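Let us walk through a protein fold step by step.

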Amino acid sequence: MRSDTSNWRAAADATPETACPIAPVVDVVFSRWTTPIMWSLHEYGPQRFVELQRRIATITPKVLTERLRQLERDGLLTRTYYAEVPPRVVYEISELGRSLAPLFAALADWSPHLTEVAAARETYDARKRSEP
């Protein structure tokens, strides 16, 4: 975390919707399907639409198209059109998208704590079931 607290002080004076300075980052980076798409492009390199769809089997073509457009609009990936027969489109992480790598690495480092989260949920659920 930053030692400069000016952003936090400014956030305290903001509306509830804008009080958290990382909320806009979360909205961009952790929108539904963003992380699986970005992970796939990071793990396997540039890919065509059908390759992404195959790797993220639970996403519909419509939603994949929408997310790819949004990620391109946000500058997190690039779309390259090749005027060939048949035409070919390739998606790739942009420099801006690659700048998220430390954030995703930190989250991956934290992921072993998910067992603690699961245990806490079980404890909570058991307690709630036994309450009158």
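Among contacts in the protein between residues at least 6 apart in sequence, 44% join residues at least 24 apart. Contact here means heavy atoms within 4.5 Å. This is a predicted model: local features need pLDDT of at least 70, side-chain atom pairs count only at pLDDT 80 or more, and totals for chains, interfaces and linings use all residues. Residues are numbered from 1 along each chain as its sequence is written, and side-chain values use heavy atoms, with hydrogens and water left out.

Start with the parts list. The protein has eight helices and three strands. Helices (H or I, at least four residues) and strands (E, at least two) are DSSP runs, numbered from the N terminus. From that end on, the order is α-α-α-β-α-α-β-β-α-α-α. Of the 132 residues, 20% count as buried. Buried means under 20% relative accessible area, exposed over 50%, and partly exposed in between (1.4 Å probe, protein chains only).

Now find helix α5, residues 61-73. How far apart should the ends of its 13 residues be? The expected span is 1.5 Å times one less than the number of residues. That gives 18 Å for α5, and its end C-alpha atoms are 18 Å apart, which agrees.

Which residues of α5 are buried? They are L64, R67, L68 and L71. These cover an arc of only 100° around the axis, which puts them on the same side of α5. The arc is that of the directions from the helix axis to the C-beta atoms. An α-helix has 3.6 residues a turn, so residues three or four places apart point the same way. On the other side of α5, K62, R69 and R73 are exposed. The cover over the buried residues of α5 includes α3 (34-44), α4 (49-55), β2 (77-82) and β3 (88-93). After α5 comes G75, with a positive phi near 85°.

Next, look at how α3 meets α5. The two helices pack at an angle of about 75°, with their axes 10 Å apart. Axes are lines fitted to C-alpha atoms, for helices over the stretch in contact, and angles run from 0 to 180 degrees between N-to-C directions. The angle makes α3 roughly perpendicular to α5, a label for 65 to 115 degrees (under 35 is roughly parallel, over 145 roughly antiparallel, the rest oblique). From α3, the contact uses T34, I37 and M38; from α5, it uses L64, R67, L68 and L71.

Helix α3 has its own buried residues: T34, I37, M38, S40 and L41. They cover an arc of only 160° around the axis, which puts them on the same side of α3. Take T34, which is buried with a relative accessible area of 1%. Leaving aside its neighbours within four places in sequence, T34 is in contact with V28, V29, R67 and L71. P36 is also in helix α3, but P36 is partly exposed, at 27%. P36 and I59 are 23 residues apart in sequence and 9.8 Å apart in space, C-alpha to C-alpha. Just after α3, G45 takes a positive phi of about 80°.

Finish with the backbone. Most residues other than glycine have a negative phi, and most peptide bonds are trans. W33, in the loop between α2 (23-29) and α3, has a positive phi near 80°. At 14% relative accessibility, W33 counts as buried. The peptide bond from V85 to P86 is cis, with omega near -5°. P86 lies in the loop between β2 and β3.
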